[in-house]
Amino acid sequence: MLFQIFDAFKSRLHDSNSKVNQVALEAMHKMIPLLKDNLSPVINMLIPAIVDNNLNSKNPGIYAAATNVIQALCQHLDTSLLLQPFCTKAQFLNGKAKQDLTEKLA
């Protein structure tokens, strides 16, 4: 059930409409404290959706929402769940997204 919900939600995190994208990131930020480690089965699907394009966005609202989501993940999830997906994404990112994710890893 969780996979079905987040598989559908994931596409909103990539939406070409910046307002939809930003609202999806803000909703994700609100869900993380409620779901906490229950997100572990879908974390490998969510991290790329959250990070790709959003952390390098020139839209300040999307960038702020994405950094808030990453911060919430770090605060509310077991960090061992985040290590591998963050490392994998950091290898292939560039610009401020790579810097932001590398700082979180450190």
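Reader: What is the handedness of the crossing of H5 and H6?

Author: In this predicted model, the crossing of H5 and H6 is left-handed.

Reader: What makes H5 roughly antiparallel to H6?

Author: Helix H5 (residues 79-92) and helix H6 (residues 95-105) pack at an angle of about 150°, with their axes 9 Å apart. Angles over 145 degrees count as roughly antiparallel, and therefore H5 is described as roughly antiparallel to H6.

Reader: Which residues of H5 and H6 meet?

Author: From H5 come Leu-83, Phe-86, Cys-87, Lys-89, Ala-90 and Gln-91, and these meet Lys-98, Leu-101, Thr-102, Lys-104 and Leu-105 in H6. Sorted by class, this contact of H5 with H6 has six nonpolar, two polar and three charged residues.

Reader: Why is Lys-89 called buried?

Author: Buried means under 20% relative accessible area, and Lys-89, at 15% relative accessibility, therefore counts as buried. Lys-89 lies in helix H5 and, leaving aside its neighbours within four places in sequence, is in contact with Ile-47, Pro-48, Val-51, Asp-52 and Leu-101.

Reader: How do you know that the buried residues are on the same side of H6?

Author: The buried residues of H6 are Ala-97, Asp-100 and Leu-101, and they cover an arc of only 90° around the axis, which puts them on the same side of H6. The buried residues of H6 pack against helix H3 (43-51), helix H4 (60-76) and H5, whereas Gly-95 and Glu-103, on the other side of H6, are exposed.

Definitions and conventions:
Residues numbered from 1 in each chain as written. Predicted model: local features only at pLDDT ≥ 70, side-chain atom pairs only at ≥ 80, totals over all residues. Heavy atoms only, no water. Axes fitted to C-alpha atoms, helices over the stretch in contact; angles between N-to-C directions. Helix = DSSP H or I, 4+ residues; strand = E, 2+ residues; numbered from the N terminus. Parallel < 35°, antiparallel > 145°, perpendicular 65-115°, else oblique. Left-handed = near helix turned anticlockwise from the far one by under 90°. Contact = heavy atoms within 4.5 Å. Nonpolar A, V, L, I, M, F, W, Y, C, P; charged D, E, K, R; others polar. Buried < 20%, exposed > 50% of the residue type's maximum accessible area, 1.4 Å probe, protein only. Arc of directions from axis to C-beta.
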